[in-house]
Each structure stands twice: as C-alpha cells, then as structure tokens.
Amino acid sequence: MSIPLPIDHAFLRRVAGASVARPGEYADLFVERASEALLSRAGGSPEPPRLGAAEGAAARVFEAGAVRHVAVGGLHPSSIESLPSRLRGAPDSMWRGNTGGSGGPRGSGDPARGVDPVRIADQHPMPASRSIDAAGRYLAAIEAAVGARLGAVAVRIGLKMEIRAQSVAVATSEGEVRGEERTWISFSTRVIDEAGVSVAAGGGAVGLERLRALHPPDEVAALLEQAVQDLKEEIPAPSGEVSVVLGPGAGGILIHEACGHALEGDRALRGRSALVELLGEKVGPGDLTVIDDPTLAGLAGSRAIDDEGWPSARNVLIDSGRLVGLLLDRTTALLAATTPTGSARRESYRHLPMPRMSNTFVLEGRYPPEEIVASVPRGVYIAELGAGEVDTVSADFSFQVARGYLIASGRRVAPLRPFVVRGNGLRVLRGIKMIGRDLRFDSGAGECGKEGQRSRASVGQPTLKVAGLTAQPVRLRVSGS
Amino acid sequence: MKPEAPLDPEAALACAEDLVRLAQTLGAAGAEVFYKAGRSRALVLEPDLSTAGKPRVTTSHVVEEGVGLRVLDRRGRWGFAWCSPAPDPGNGRAGKVVARSLVLEGLASARGSTDRLRGRPGRTSAVKPPEEELAPPAAGREAGIDLALDDPGMMASPVEDRLSRLAEACEAALGVTGGAAFVDKARWSEAKLTIALANSRGFRGSYRKSLALLSISVAPASAGARSVLEERAACRIATLDPRECGVEAALRALPPRSPLPPPEPSLPVVFAARATAALIAALAPLTFAPPEGTTSGGEPGEPPVDLRRGLWVTDQAAWPGAVGSAPFDGAGFETRETIILAAGRPTGLLLSEKGHRIRPSYREPPETGLTNLRLIPPSGAGPLMPGGRSLRIASARFLPGPRWTVQVLRGDWHSGDEPAGPADGLTWTGPLEAILTGVAAVGAEARLFHLGLPVGAAAIVVEGLRGWVIGQRGSLAIPAPGHPPDQRVSGGRIRSKIE
C-alpha cells in the first residue's frame, strides 16, 4: 500500500525556510499522507471494512521559551505555503484554509504554485481497499482454524486487523529534506468461553505475506488452544515477594514501561523520572544492556528517520549496567544542549512530536533459559504481561499477569490464576540476577500510548531472573494468551 | 465568508449533499455523509520549565476537516469510507478525483463485508435496512430548546487570556499541595466545529459547536503523593472553573494521611460529587448490559425494587452546554435523554433507543454510545447530609470485578458536620449492587466533570456498606480488568489499542 508524496523537495525547503522569522530560530515542516483499512469479523461473518485516508501538513518554530505549531488538512500548495504566516499568527489565516478537495480553499481554484494539485489528487492515498481482499481471507482462515480447535468451548470468536500506510516528508529551516514510506499490518483475535473468560493472540508485520509467515493461522489457533487449556489447570498464585522469571519476548513490556518511559527526554529532563538522576551511574548488573533501536528491520518501531527528519539511530540506554542514554527529540535535545537521538514520534501532522521509544530490548546474556528456570526453587514464570500502571516519577508499577506459571523445584509446573506483580523500576533493574541467551521480540501487535498519541513500538527481551517483585492474587479475570 | 468565521453550515451541508448524490450516481442504493470541520488551538503551560524566568508555553493550532461516507450497495450491504480533508466535487478536477475515489472506496467496503473465502453471499451481521440506519427528513427539534453548544467567545480571546486561566488553576493547585506535589502541565484546548449530515432519505442537518477542555496534570514531589490528571470540558467557557479544577487535582494528588479505623461497622457514606462522578464513569460499561428482570419487580419471588432509592443515571444527549450534546445524533436522529440505570439496575434501554448514536469523528460510522452521563435523584431521596456519624469521601477509585473495590483516596470520618479523623486509604470490597441500591440521598445540583466522557454528578449518600478496612497505603491499584494484552500503559493511564 505505497502512497508516494508527489511534492518536490525544493518547494518544501522553501516553505520551511520561510517559517523562520528571526536569525537563530529553527523551524520544520512535516508533510504526511496516510491511509488505513480496519477489518473485523464477529460471529463468523466479516463486518464492513473501514477504509480511510488523510493528508496534511504542519509547521513548527522554536522561539525563546516557546514552541509554536500550526497544522492544516490537505496538501494543496497554497495551504502548505500559508503555514509560515499562520505560525506568525496572521489574523486571517486560521480558518480560511478549510481545504476542500486535495488541499485548496474550497471552490477557490487557486493556481498551483510549486506543485500541481491535480497530480496530488491523482495520487491520493485512496484506495485503502487495495489490500483488503487478501487480508480478509487471512482473517477468515484464522477464524476457521480457531473454530476447528475451540469451536466446542468458544462462545464468541472476534478478529480485528489494521492495515496502515504512511508517507512523510520533513523539511527543516537548515535546508534538510528527508522522507520515508511506512506500512504496518497487525491483527488480534479473541476467544470468549462460556464462563465469559477471554484469551487473545495477535501479531504484526510490515506486510501481509510476512504476517502470514510469522503467524500461520493454525499456529495462532494452537496458541489460543493452549491458553484455554491453561485456564482449566490453573492453581492459585502465590502472594508476597517472589522470585520471578520473565519469559522472552512479551515480558519486555516491563522494561519498556518501568524503565524506558523514565528515560524519554521530556520526562527525564523535567524531573519526572526516577532514573535520570542516576545518569552515568550503575543501575543494574554488569551484563545488563538495554537498547532502543529503530534501525532494526521489520519490527513495529522500525523506521529510517524520525518524525523530525532526524536519521534513526541505535541508542544505548543502559550499557553494562550503567545508565548512559536518554531518548531525545529536538525540543529536549535543546534543553540538554546536545543533539537529538532520532527518537521523535508524532501520531500525525496534527500532533506535536515528542520523544518515544521504538524497539526497546535487553541484550542477550549468557544463560540458557532452562538453566534460569532451574535455578529457582520456588517462584513464578511470567510468559505475558497485561494491563498495568506505571508512575515514572517514582518508577513504581503494577501489572496484571496475562499468563503466568508456578515454578517449583526448578520446573514450570502449573498455570496460575490471575495475579498482579508490583515493583519499582529501579529495584527491578538492580534485581536482575540472570540474563538468558534467547532474546525474542514481541509479536508486533503492540502500541504505546503517551499523552493521547498512539505510536507503534516493539519490545524484546531474553529470559530474565528478577528479584524484588511482589505477587498479589486478584479475583479479576483478565484476558490473555 | 468572513475570514475568522467558521465554515458556514450551509456550505458544509452542500458538500455533504454533493457527495450523497455522487454516491447514488456511482451505484449506491443509499448513502449518508457526515461532515465535520474544525479549527482548534491548544496551549500547554509547563510552570516548572522556564526559560529566562518565563514558564514554557507550547501553542498548537490545527485546521481540519473530513467526511465519513456510509453507502448501501445494491445487494443490501453497507460500506464505510472516510477522507480528510473533505473532497469538494465542485473544486475542479482534483476535487472530483478525490470525491469519486471516496465513493468507490465506500462501495469496495460494502463488497468487503461479504465472506468471499466461504463464498457466502450478500448479507452479513452488519446489514440493517436503510430505514433503520438512515434518519428520515428532520422534523426539527422543538422550537425554543437551546442546547447552548456554540460560544461566540471560543477561539476569540487572545492567548494571554487563556494562559492567565491556566495560571489561576496552577496557583489553586499549588495552594493545596504545598510542597507535596507540583503542577507538571496545565493545558487549555478549545475548538470551533461545524457538523453537517445528509443522507439519501432526505435528512439534512447542520450545527455549530464549540468545545473547551481544561486539564491539570499534577506530579508527586514527596513520598506517597500521586500523579493525577484532572479535566473539565464544556461547550461554553464560562462553565469552566480553573480554580475548582486545580484544587480537585491537588486533593487527589496529596499523600494519604494515616487513617483511623472505622468507628462502627456500618455508617452512611457520603460520596462528594467528584467521587460520585468516578463511580458513574466506572459504571459506564454496565450501561450496555441487558436489563436484569424489570425495574419494578425483578425475578419472580424477589422482593420488589424500591424505586425511591438506588442510583438513577441517564444518558442525556441533549444536555445544554455539555460536550456530548447535539441537536441530532451521529445518524441524524433527534437526541434524547434515556434512563440507563434505574434504582441501581441497568435498563438496557440505550441499545434500543435512537438518538444515542455517537460519532467521535468522521473516521467512524455511528454506533450506539454514551454522550453525557447524568445522575438524577430518585423521587424519595432523603436529606443529603446525615446527622450522626458518617464517612465522607472526597475522592475515590472504583475497581470493577466480580466484587467491586472502593479505595478512598481522600476521606474523613465525620460526627455530624465535624471531621473526626482521616479515612484515606480505606477500602471496601463487596457486590456492586450494595452500592447501587444503597443510595439513600442525592444532592440537588449535578456538576459537570470530564472523566473520559462528560459526567454530571452530585454528592450521594450510600447506606449499608459494611466492612471498611484499612488498605495498603501508597500502593498502586490493581489495573482495570478486561484490557487486551496488546495494550501499553503510559504515565499511569491505560490506553487501548483497538477496543
């Protein structure tokens, strides 16, 4: 679902340059076209797909102590060219750009300057429908596979899929212009049994073929079947401080939430982070390295440039146990008097960028995962975490465990009833006792929410043995797989 | 058109009608176009982050429009497509290309509702006949009813005026927190919207609406203090009280005081309006539950329900000045007030009543949802403040489950009107019905809060809640249930990915 941006760089460079009013200011221009298709199935039938497309542009200028941002829908050249005057608060600018068609003032027939609006319209991001047939067949195949395995116990099987494509270009007042096309497709499936308990599974990839290869329908169904089987064998979860083994992959959400958010520049540099005061200090064992890397291919948070046009880079956050890095966008890099780390993300042209994680993971250690489990006389093995709460100021967190098992005498023995793990991000880092050599990333269905903006992100982690977590059984049944 | 005026609703309607006609020309048996345009500005004040002695200010202005198109194809299948900005078929070739593309996408969506893998023809679960989905030509809302949705002052005042309101909220918050917590961010957003809807049955309607949102984010600066976000939203600026919002945020952020144990096993519990709002917001998912028995009798053999007690909540889609209000709903049906909890029991009426189809944006087709939740007093409600001992709760969190938990964030034991010691951190666990049917009195005036959706709440007195215990101090709550594993949480707020 490629959606090229037919706007030449010279035009964008000129508008970005015009956004600066005084020497020493910095401005940038963000141009976006996006399309999405949302598919779903329920009760054995497909729902009508929701197909959509949006495009728009935004300019931003940094002044002393302030940031100004203006955004307009549409890519009509006259709309884009109006952004510098809108930034300066021209009195007639904030409404008249209601954009019509593919950009221009409604019914105005403005002559195109720099770019041909008809050419833009001809390459409009519609149709998003291009890929829905094959995607619908894949969803139906998953549903059929799940039905074959779980038809006897499933009261309801629901499936959803999102196909998103986005083209962006960023021009800066320093004369740089960079662009990128991004696509991602993800799905989730949920089975609800007679008792109202649900289990879920999902995944994501850069394209449908890859998604199908990573998540064959029968494997998805088998995963759900195992989850349903676990429900029948559950025993009560322990209570109090326990030894925890975090399984590879999805357990990485703990590092993302309890540690990663605290290292995002906007929180860290404003004293909203429990970790930032420890920059340069030892916060974990010598074999602990945590990295945020959008340059890894094929993951949910992968991209070549960030949403300020800065080239993506591998950022080491914790190096051999020492806290060494923050994630910075341009705003926070200015505060820190350094360069950005390529970590700026924005949901769309309508939103302001902010520093975010991309693909955050713990580097592999040296222990075979079996050895880690065998080292725990009694504890819990967490295969998947669910919803939770994190306070980045104190680094305290609590998470529901979507899938957990009791470890007894060094063996995983039985699935556990619902429980919550509580802890503190800093204590968790210090409490890491063993790091496995089985790094795995999550399934790719995840997103991160921050201040109302969604952003795709991936987490990865080898098996970890952690001390300092508290388990608390709960009566609440949560979904999980 | 005046440069500073919002888009003329008639022009918006013309755009919608053009698209309806185009859809019919291109083969649709029925069509509906929802048009929404808006200009908005947001100001973020970060008092703690200053340059040259001035707090950091971020301003953002956005101009946006879009349309959502529902089409019924000739095989009786519905499809949906959206586009931003709205295509303008009258704006040369470029406009025509996009308009045509949108309609073809809608028709492609309708085809996509057929299960081609199984070769299943035509109808799907989503198919409803046009007369159920499309509103008839508007009869018009009764003359004289002013929903007060459009404030001429919105987007009209200088930025400095809004910044001074934010500064007022920050000052009020800091006056309460002392050094225990600080204001992380104060945000003011406002918008002017034009909404239009037209369909092939002949409905045409449009209206203007203004919105303002005030939000205060407080972060802890001492042990035990909490991060909180407090928000207020309204269609009219005068309704928003920055000081009240700041004080409420601060009260919720303060570290808990050491609680005294319950003096008696069962005392009347007075939930302040803010705490009641939290309860009503937590009940929102239940409002879609089918009714259990009838409100007057329940199951055979059960005692009759006392209609003079219990929690009564309506979904009031035509509440003047509330942000969820509109003259017609997302499908064109006249908005109304519907009782969703009667004497503490879900009525299930919301699902069957037209006039409650919500449309958060042009990107979504209309679906039955909550607009403004409003507490209403039962007819036999008693005096609000009990004379003897009571537990008065200023703020609380409600944790759903098979048995619900109420956590007191800020509360006091009272003897008459005199405070008799703190009750912070107390928890109660028990059946939800005990709360919902135990409401014995309701305050006279409902205040409007914003807890993800507008909630109008007053203080309530609940009787019969036994078994309050001192909970774990300073601990984080058990996360809310029912969220899929593909969610992330951030900053203490749970975000849902899909559902």
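Trainee: How many salt bridges does the structure hold over all chains?
Mentor: In this predicted model the structure holds 48 salt bridges over all chains.

Trainee: What makes the pair of Lys185(B) and Glu451(A) a salt bridge?
Mentor: The closest N and O atoms of Lys185(B) and Glu451(A) are 2.9 Å apart, and the cut-off asks for a side-chain nitrogen of Lys or Arg within 4 Å of a carboxyl oxygen of Asp or Glu, so the pair of Lys185(B) and Glu451(A) is called a salt bridge. Side chains of opposite charge can pair when their charged atoms come close.

Trainee: Where do the two partners of this pair lie?
Mentor: Lys185(B) belongs to strand 4 (residues 181-199) of chain B, while Glu451(A) sits in the loop between strand 21 (447-450) and strand 22 (453-456) of chain A, and the pair therefore crosses between chains.

Trainee: What is the phi of Glu451(A)?
Mentor: Phi of Glu451(A) is near 45°, which is a positive value in a residue other than glycine.

Trainee: Into which domains is chain A divided, and what separates their centres?
Mentor: Chain A is divided into domain 1 (9-232) and domain 2 (240-473), and the centres of the two domains, taken over C-alpha atoms, are separated by 26 Å.

Trainee: How do you know that domain 1 of chain A and domain 2 of chain A are in contact?
Mentor: Contact requires heavy atoms within 4.5 Å, and 37 residues of domain 1 of chain A are in contact with 32 residues of domain 2 of chain A. The area buried between domain 1 of chain A and domain 2 of chain A is about 2500 Å², of which carbon and sulfur atoms give 56%.

Trainee: What is the count of salt bridges between domain 1 of chain A and domain 2 of chain A?
Mentor: The count between these two domains of chain A is 3 salt bridges. Elsewhere in our list of pairs, the side chains of Glu162(A) and Arg454(A) meet at 3.8 Å, N to O, and this value is within 4 Å, so the pair of Glu162(A) and Arg454(A) also counts as a salt bridge.

Trainee: Which strand gives the most to the side of domain 1 of chain A that touches domain 2 of chain A?
Mentor: Strand 6 of chain A gives the most to that side, with 8 residues, and the residues of that side of domain 1 of chain A divide into 13 nonpolar, 12 polar and 12 charged.

Trainee: What is the mean pLDDT of each chain?
Mentor: Chain A averages a pLDDT of 87, and 90% of its residues score at least 70, whereas chain B has a mean pLDDT of 83, with 82% of its residues at 70 or more.

Trainee: Where is confidence lowest in chain A?
Mentor: Confidence in chain A is lowest in helix 3 (residues 93-96), at a mean of 36, and highest in helix 11 (residues 369-374), at 98. Over residues 91-114 of chain A the pLDDT is below 50, and this stretch has 84 contacts in the model beyond near neighbours in sequence.

Conventions. Residues are numbered from 1 along each chain as its sequence is written. Chains are lettered from A and ligands numbered from 1 in the order in which they are written. This is a predicted model: local features need pLDDT of at least 70, side-chain atom pairs count only at pLDDT 80 or more; totals for chains, interfaces and linings use all residues. Side-chain values use heavy atoms; hydrogens and water are left out. pLDDT is the predictor's confidence in each residue, from 0 to 100. Helices (H or I, at least four residues) and strands (E, at least two) are DSSP runs, numbered from the N terminus. Domain bounds come from an automatic or database domain assignment. Buried area is the accessible area (1.4 Å probe) that two parts lose on being put together, summed over both. Ala, Val, Leu, Ile, Met, Phe, Trp, Tyr, Cys and Pro count as nonpolar, Asp, Glu, Lys and Arg as charged, and the others, Gly among them, as polar.
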